[in-house]
Amino acid sequence: MLETNYKEVFALFFLLSVSFYNILTGFFLMVFGDKIVEKSRTYQIMDNLMTIDTWGFLFILSAVLILIAAFQETNAKFINMIFGGLIGAIVLFMYSAASSENAVTNLLPSRYALSGCFNLFVATIGGLELWKTKRKK
């Protein structure tokens with residue numbers, strides 16, 4: 001790792017941080033989701049769209065795809081970035097919209113939307129890199 005370019009190290013840590021955020025959120029929703037649905041209007045809104053376990057599964061799926069992409073060296077890396085980033089972005093933007101319904105401040109919905117942007121960035125970079133490799137052939 002000492003011989004690795006610092007930009008590659010930052011890219012790896014960015015992918016890991018996005019992945020760990022998603023896996024932590026998914027784990028929380030799958031383990032504690034049913035308990036908090038009863039107490040939180042945000043989670044009730046989310047539960048009306050799809051079950052809290054489904055939300056958790058989608059977050060974990062996104063996280064696993066991005067985590068795998070962080071350590072791949074082939075074009076499959078970019079495909080995993082695209083799908084992982086898109087899934088993460090969609091569920092985070094929906095999470096942000098649900099949390100803005102009853103938010104006292106816009107801080108939490110803004111944080112979820114920003115995290116969604118990070119996921120969208122991962123998907124976009126994956127798509128651009130895949131497009132570049134296809135264009136070279």
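Biologist: Which residue caps the N-terminal end of α2?

Modeller: S40 does. A side-chain oxygen of S40 lies 3.3 Å from the backbone nitrogen of T42. Bear in mind that this is a predicted model.

Biologist: And which residues of α2 are buried?

Modeller: Helix α2 covers residues 41-49, and T42, Y43, I45 and M46 are buried in it. They sit on the same side of α2, because they cover an arc of only 155° around the axis.

Biologist: Take α1 and α2, then. How do we describe two packed helices?

Modeller: By the angle between their axes and the distance between the axes. Here the axes of α1 and α2 come within 9 Å and cross at roughly 110°. Therefore α1 is roughly perpendicular to α2.

Biologist: Which residues meet there?

Modeller: From α1, F28, L29, I36 and V37. From α2, Y43, Q44, M46 and D47. The residues of this contact divide into 6 nonpolar, 1 polar and 1 charged. Y43 and M46 are also on the list of buried residues in α2.

Biologist: Let me zoom out. How many helices and strands are in the chain?

Modeller: The chain has 5 helices and 0 strands. Along the sequence the pattern reads α-α-α-α-α.

Biologist: What box do the C-alpha atoms fill?

Modeller: One of roughly 50 × 30 × 25 Å, taken along the principal axes.

Biologist: What percentage of the residues count as buried?

Modeller: 39% of the 137 residues in the chain.

Biologist: And among contacts between residues at least 6 apart, what share join residues at least 24 apart?

Modeller: 69% of them.

Biologist: Back to single residues. Where is T25, and is it buried or exposed?

Modeller: T25 is in helix α1. Its relative accessible area is 13%, so T25 is buried.

Biologist: What does the side chain of T25 reach?

Modeller: The backbone oxygen of Y21, at 2.8 Å.

Biologist: Leaving aside neighbours within four places in sequence, what is T25 in contact with?

Modeller: F59 and Y95.

Biologist: Switching to S62. Where is it, and why does it count as buried?

Modeller: S62 is in helix α3. S62 counts as buried because its relative accessibility is 0%, and the cut-off is under 20%.

Biologist: Which residues is S62 in contact with, leaving aside neighbours within four places?

Modeller: N22, G84, I87, G88 and N119.

Biologist: Let's do F78. Which helix does it lie in?

Modeller: F78 lies in α4. With a relative accessible area of 14%, F78 is buried.

Biologist: What does F78 touch, not counting residues up to four places away in sequence?

Modeller: G126, E129, L130 and T133.

Biologist: N119 came up with S62. How many residues apart along the chain are F78 and N119?

Modeller: F78 and N119 are 41 residues apart along the chain. Their C-alpha atoms are separated by 13 Å.

Note on methods:
Residues are numbered from 1 along each chain as its sequence is written. This is a predicted model: local features need pLDDT of at least 70, side-chain atom pairs count only at pLDDT 80 or more; totals for chains, interfaces and linings use all residues. Side-chain values use heavy atoms; hydrogens and water are left out. Buried means under 20% relative accessible area, exposed over 50%, partly exposed in between (1.4 Å probe, protein chains only). Helices (H or I, at least four residues) and strands (E, at least two) are DSSP runs, numbered from the N terminus. The arc is that of the directions from the helix axis to the C-beta atoms. A polar contact is a pair of N or O atoms within 3.5 Å; within protein, one must be able to donate a hydrogen and the other to accept it, and residues adjacent in sequence count only if both atoms are side-chain atoms. Contact means heavy atoms within 4.5 Å. Axes are lines fitted to C-alpha atoms, for helices over the stretch in contact, and angles run from 0 to 180 degrees between N-to-C directions. Angles under 35 degrees count as roughly parallel, over 145 as roughly antiparallel, 65 to 115 as roughly perpendicular and the rest as oblique. Ala, Val, Leu, Ile, Met, Phe, Trp, Tyr, Cys and Pro count as nonpolar, Asp, Glu, Lys and Arg as charged, and the others, Gly among them, as polar.
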